[in-house]
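Colleague: I have some questions about how the terms are applied here. Could you show me the structure and take me through them?

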Amino acid sequence: MNHPTPPPPASRLRIEVLGTAHLHAYKALRDESLRCAPEAFTSDYATALQRPAESYGARFGDPATGQFFLGAFDAGGQLLGSIGCEREERLQQRHCATVVGMMVAPNAQRGGIGRQLVQTCVEHAERVAGLEQLVLTVTAANAHVVRLYERAGFHAWGRLQRAVVIDGIGHDKLHMVRWLPASPLFRAA
């Protein structure tokens, strides 16, 4: 019987900001995540396969701006997970950023990698001048990931039914928010 390789201990992970040197590893992780969990993404696997790795480069930025992607690497340098933060560009929405592209390689799940990625993303976001809140969507039926976000301080504020439809089957998305220390709502939360 073939047993999956257990994920590495979270203590041996290295979380770092992704840059252009990571484009091909990021694309491989993203393509595999889309293939294994299509209901978790608004992008689809077939389209993503056609997309060149270099096209993701614009997403990688500087954490100080609120536009960045983080990667979780094992001791051997393999990218096991990633998460992104994309700050709104419009002046009246610059206080908001969206957490996007949270993924952990299928063979590395349930080992604390997602928790570390979310925690590090929030820590970086808290240091961005003027950033008051993080928002995200998560597949409502994925109770494990919903709990992960709740433990990180996110709370649901709405649900979009049939947000993603795959082969005629609809998947609801929860909308979640986490207030950051710069927000006047932070203390009330």
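Modeller: Start with one bridge in this predicted model: Thr98 stands opposite Val135 in S5.

Colleague: What makes S4 and S5 a pair?

Modeller: Two strands count as paired if there are at least two bridges between them. Strand S4 (residues 96-104) and strand S5 (residues 133-139) have three bridges, so they pair, and the sense is parallel. Ala97 has a bridge partner in S5 too, namely Leu134.

Colleague: What makes S3 and S4 a pair?

Modeller: The rule again asks for at least two bridges. S3 and S4 have six, so they pair as well, in the antiparallel sense. Gly84 stands opposite Val100 in S4, for example.

Colleague: In what order do the strands of the sheet lie?

Modeller: The order is S1-S2-S3-S4-S5-S7-S6. The sheet is open, has seven strands and shows mixed pairing.

Colleague: Why is one side of S1 and of S6 left without a neighbour in the sheet?

Modeller: Strand S1 (14-17) and strand S6 (155-166) stand at the edges.

Colleague: Why is S4 called largely enclosed?

Modeller: Buried means under 20% relative accessible area. Eight of the nine residues of S4 are buried, so the strand is largely enclosed by the rest of the structure.

Colleague: Why is Asn107 called partly exposed?

Modeller: Asn107 is at 42% relative accessibility. Partly exposed lies between the buried limit of 20% and the exposed limit of 50%, so Asn107 falls in that class. Asn107 sits in the loop between S4 and H3.

Colleague: Which strand gives the most to the lining of the largest pocket?

Modeller: S4 does, with seven residues. The lining has 43 residues, and Met102 and Met103 are among those nearest the pocket's centre. The pocket holds about 1,100 Å³ of space.

Colleague: How many residues of each class are in that lining?

Modeller: There are 20 nonpolar, 14 polar and nine charged residues.

Key. Residues are numbered from 1 along each chain as its sequence is written. This is a predicted model: local features need pLDDT of at least 70, side-chain atom pairs count only at pLDDT 80 or more; totals for chains, interfaces and linings use all residues. Side-chain values use heavy atoms; hydrogens and water are left out. Helices (H or I, at least four residues) and strands (E, at least two) are DSSP runs, numbered from the N terminus. On a 1 Å grid over the protein atoms alone, a cavity is a set of points where a 1.4 Å probe fits but cannot get out, and a pocket is an open set with protein on both sides within 12 Å along at least five of seven lines; lining residues have an atom within 4 Å of a point. Grid points are joined across faces, edges and corners, and a volume is the space filled by probe spheres set on the points. Ala, Val, Leu, Ile, Met, Phe, Trp, Tyr, Cys and Pro count as nonpolar, Asp, Glu, Lys and Arg as charged, and the others, Gly among them, as polar. Buried means under 20% relative accessible area, exposed over 50%, partly exposed in between (1.4 Å probe, protein chains only).
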